[in-house]
Amino acid sequence: MRLTEQQRSYLDAVRAACAELVPDEEARRRLSRDDTALNAPEAFALFADRGLLGVSLPVADGGGGRTFTEECLLLEETARAGVPLTAYSTALTAAQSYLKWGDADQRRTIVTSIVSGHAESVTFTEPEAGSDLAAATTRASRDGDDWVLDGRKTWISFAHLARHLLVLARTDDSGVRHDGLTLFMVPADAPGVTVRPIETMGAHMVNDVFLSGVRVPSSAVVGTRGEAWRHIGRGLAVERVIIAAMSVGAAQRALDQLIAHVTTREQFGAPLSRKQAVRHRIADLASDVAVCRAYVYEIADRVDAGEEDRLNTEASMAKLRATETYKHTTLEAVQLMGGSGYGSAAGMEQQLRTAVATTIYGGANEVQREIIGRGLGL
């Protein structure tokens, strides 16, 4: 991948910020509260202060007006350094729908929020509408000039940190099930909104969101009423590339740590890296990470060329391969590091738990395979 001078300068600035926040493993653990926090206010404050957030968002709405490639550089590098900035990816995903379909006030509000270092939420999935979003039952009913929302959303990433919820709700039952869905911009602190954490095998990321008589004005509708199914496609495709970029960076972090371990850990009078079986397995991992990185940036370049609406299959391929590579890399690292990998002190077992989640959220990889299959005409 060849970067422009502008992109190289941005990458250097991102790396400098990462190095300042995470100069060593001790600092990373402190910032992440011993791997219990995926987001640190200090990280968001520093990156926002240096103008490193929202660089691909339009200048007219308060963004940096630069490339999506630069966003991917940020996502990869912060994941590689272990900087707790994960909610930024969800905010960036939410922004895609607002930018494509929102009005000027909505776009300005969301972009300004992201650039300032605040979280935003995509609030789509429900207990019976996960991969099948057309099954959503959350209801939005008209009451004068307002809309009143009732329902339950689940597995909502970073709703507990968000300023706004981009809510998918049903406004009409008269057509086929993909019709009658509408997007709403809902303040996260609106009366009737309740956010409860969901306990998982990893750090706090996902939540149940309960909407009980949540009243919003007609101006809260994002895009055209009843057309949400058509509206959400762009955001979901870009989300897969965002997840892929983060997974490449996180896989590289695990690979770097594994290499450091096997070159210093001695067994039978020599470093583990002298064992052919170890070297060959690491060579495979490094090759997989490199291939995923190249593909992610090929897609990012095509997004910058204005092709994002034609990259549904490719985005699924990137998400599928990058997250599976991330999971495989951390699992191999646990195995090759032996007791150090399985124990908590080295942090690899935590990386494995995080890697498993990436193959599920943003559309489970089983669903990505179906999307790819359809894209191939199967």
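Ala, Val, Leu, Ile, Met, Phe, Trp, Tyr, Cys and Pro count here as nonpolar, Asp, Glu, Lys and Arg as charged, and the others, Gly among them, as polar. With that sorted, let's look around this structure, which is a predicted model.

**Spaces inside**

The count comes to two cavities of 30 Å³ or more. Here they are side by side:

| Space | Volume | Lining by class |
|---|---|---|
| Largest cavity | about 40 Å³ | five nonpolar, three polar, no charged residues |
| Second largest cavity | about 30 Å³ | six nonpolar, no polar, one charged residues |

Around the largest cavity you'll find Thr-93, Ser-97, Val-122, Phe-124, Leu-166, Ile-232, Gly-235 and Leu-236. Two elements, α5 and α7, each give two or more residues to that lining, and α7 gives the most, with three.

Helix α7 turns up again at the second largest cavity, where it supplies the largest share of the lining, three residues. The lining is made up of Ala-237, Val-238, Val-241, Val-303, Glu-308, Leu-311 and Ala-315. Glu counts as charged, so Glu-308 is the one charged residue in this set.

**How α4 sits against α7**

Helix α4 (residues 68-81) and helix α7 (residues 228-264) have axes that come within 7 Å and cross at roughly 35°. The crossing is right-handed. From α4, the residues in contact are Phe-68, Cys-72, Leu-75, Glu-76, Ala-79 and Arg-80. Their counterparts in α7 include Val-238, Val-241, Ile-242, Ala-245 and Met-246, along with Arg-253 and Asp-256. Taken together, the contact residues split into eleven nonpolar, two polar and four charged.

**Strands around β7**

What does strand β7 pair with? Strand β3 (residues 146-157) runs antiparallel to β7 (residues 206-217), and nine bridges join them. Leu-149 stands opposite Val-214 in β7. Strand β6 (residues 193-197) also pairs with β7 in the antiparallel sense, over five bridges. There, Val-195 has Val-209 in β7 as its bridge partner.

How values were computed. Residues numbered from 1 in each chain as written. Predicted model: local features only at pLDDT ≥ 70, side-chain atom pairs only at ≥ 80, totals over all residues. Heavy atoms only, no water. Axes fitted to C-alpha atoms, helices over the stretch in contact; angles between N-to-C directions. Helix = DSSP H or I, 4+ residues; strand = E, 2+ residues; numbered from the N terminus. Left-handed = near helix turned anticlockwise from the far one by under 90°. Contact = heavy atoms within 4.5 Å. Pairing = 2+ DSSP bridges. 1 Å grid on protein atoms, 1.4 Å probe; cavity = no way out; pocket = protein on both sides within 12 Å on 5 of 7 lines; lining within 4 Å. Points joined across faces, edges and corners; volume = space filled by probe spheres on them.
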